[in-house]
Amino acid sequence: MYLGIDLGTSAVKLCVLGQDGTVLATQSQALTVQHPFSGASEQDCNAWWVATCAALQGLPQHLRMSMRAIGLSGQMHGAVLLDAHKQPLHPAILWNDARAHAECAHMMAADPGAADLAGVVPMPGFTAPKLLWLARHDPDLHSRIAHVLLPKDYIGFRLHGRLVTDPSDAAGTSWFDQSTREWSDRLCTLSESRRDWLPQVLHGTEMAGRLLPDVAAELGLPAGIPIAAGAGDAAAGAVGIGAVQSGDGFISLGTSGQVFVTTPEYRPNAQSRIHAYAHCLPGLWFQMAAMLNGARPMAWLAEILNRPIADLLAEAETAPAGPLFLPYLTGERTPHGDSEIRGGFANLAEGVTQGSMMRAVVEAIAFTFADAMAALNSAGTVPDQLLAIGGGTRSDFLMQMIADATGCRLGRSAGADLGPALGAARLASVAAGDMTLSDAAQKPPVQDWFNPLPTPEMQKRLTAYRALYPALRKVQAQLA
C-alpha cells in the first residue's frame, strides 16, 4: 500500500492506494490560517505536523502497518524558515500572503529579464519576494535564516530528516531556473537570498529519504520505508489525473484554482502571467494559469450567511441572474497580477435573495476560469477538453457554469476531489520501485462530461464582469 500526504491550506488530506492502484482509504484534518496584519497569511509549521500525525493516526492500524512508501504534495510558494538547528524561526508565510508587492516591483525594475528565467513575473505570494521583504522589514529574523523549505518539504523533513524538494515546488519560488532545472544565483541575489539556504532538488518519483525509526513508532508505520520527493499540489494533481504527457491538462477547483497543461519543453510567456514551470517529472514542463480564489468564495459566502454551501447552491441553480460579484478576496494572479485588489458585489437590488448572491459567486468563479483560458490562449495553448480535480468538482452547477463560460468540455472522474493526495500516493508507488510511471499515472475513466452551452446572456454578463475589475480598482485607490 502507498500513502499520499497532501498539505493543503484548509486541511491535511491523506490517500491510501492499494498495489492495484485502487483507493482504499482517505482521511483529513482541518487547518486554520492566521492573518496577523492586513495582507498577511501565515500558518504554524508545528500545526501542520500535529494535523498530519492526527490524520495518520485516524487510519486503521492494519493499513498503516502495510505501507510500502509515502509520497508528498502540498501548497506551493510558502516560506518555511529554519535556523542553523533546523528549527522554525517564524510561522510559514503562505502562497496567498500579499505583503511583498513592493518587493516584486523592485525585482522587476532591477532585472526585467529575470521573469523569463523564473517562468513568470515575481508575485507577492512567491517565496523569493517574501525573503526580500524580510530583509527590508525584519533584518534580525532574516539574519538568522539557515535553511528555507517549501511547506510539503517541512513535512518530509519531519518524516525523513533531510532537506529536499522537487522541481515543481522549486519552480514556484522565483529562485529556480526553469530551463536548466537548477537554483539560480542570479535570482537569489536579486531577492537578497542565499543559494546555500535552499534544499536539494530531486525528481518527484525519487526517494528523498527513509522514514525515521522514532517517527515510524509514533505513527504506527513501518520504519525505513521510502519517502518520495513528491510534488507541489498542481503537479501532484497532474499525476493524480494522469496529465503526464504533452498536451494533457486539467482544471483544479480547490481553495485556489488552476488551469494546467503539460508541455514537452519550457514555454515562458511571462507578461501573460501564465506560470511556465518545471514538472515534478524529468523532461516535462507545464503552463498554468493560477487564480488565488478558486472555489473558496462559495465557502466564504456560506460562512458570512451562516448557511450550508449545499443549500445555497441548490437555491442558486433556480435563482435569476442578478448581481455581479468580483471574487478577489485575496487579490489575484492570472490575469491581473494584483495582490491588493479585493472583491465586491455590484448591481444589488432590494429584492436580491441569498440564492442570487450565491449564483453570482458561482458565476464569478466560472468567469475567472474564462479569463484564465484567455490568458492561456495568448500564451499559445488552446485546450478544448480538460479533466477536473478538487473539492469544487462535486458541484454539477459549478462545473457546468465553468464549461459554459470557457467554452471548454470538462470531464469529472471518480475520486476527482482527491487530487494531489492521489498523485502523491502514485509517486510513492514509483519511488518504491513497484510501478512504472506509465502504470501508476493512468488517466481515470471519466464519469461525467460537461459540454459547453454558451449563451448570449452569459457573454453579456462576462463582458460586464470584466468591467468590474478596473472600476473597483479605481474605487479602491481612493480608499488607500
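## Aromatic contacts and cysteines

The charged end of Arg 409 sits over the ring of Trp 449, 3.9 Å from its centre; the criterion is NZ of Lys or CZ of Arg within 6 Å of the ring centre and within 35 degrees of the ring normal. Arg 181 likewise lies over the face of Trp 285, at 4.9 Å from the ring centre.

This is a predicted model, in which local features need pLDDT of at least 70 and side-chain atom pairs pLDDT 80 or more, while totals for chains, interfaces and linings use all residues. Residues are numbered from 1 along each chain as its sequence is written, and side-chain values use heavy atoms, without hydrogens and water.

The whole structure holds 11 aromatic pairs, defined by centres of Phe, Tyr or Trp rings (the six-membered ring for Trp) within 6.5 Å, with planes under 30 degrees apart stacked, over 60 edge-to-face and the rest tilted.

Phe 260 belongs to strand 17 (residues 257-263) and Phe 286 to strand 19 (residues 285-291), so their pair ties together parts 26 residues apart in sequence; strands are DSSP runs of E, at least two residues, and helices runs of H or I, at least four, numbered from the N terminus. Phe 250, Phe 260, Tyr 277 and Phe 286 form one aromatic cluster. Both Tyr 328 and Tyr 469 are buried, that is, under 20% relative accessible area with a 1.4 Å probe and protein chains only.

The count of disulfides (cysteine sulfur atoms within 2.5 Å) is zero. For Cys 45, the nearest cysteine sulfur, that of Cys 53, is 14 Å away.

Methods. Buried means under 20% relative accessible area, exposed over 50%, partly exposed in between (1.4 Å probe, protein chains only).
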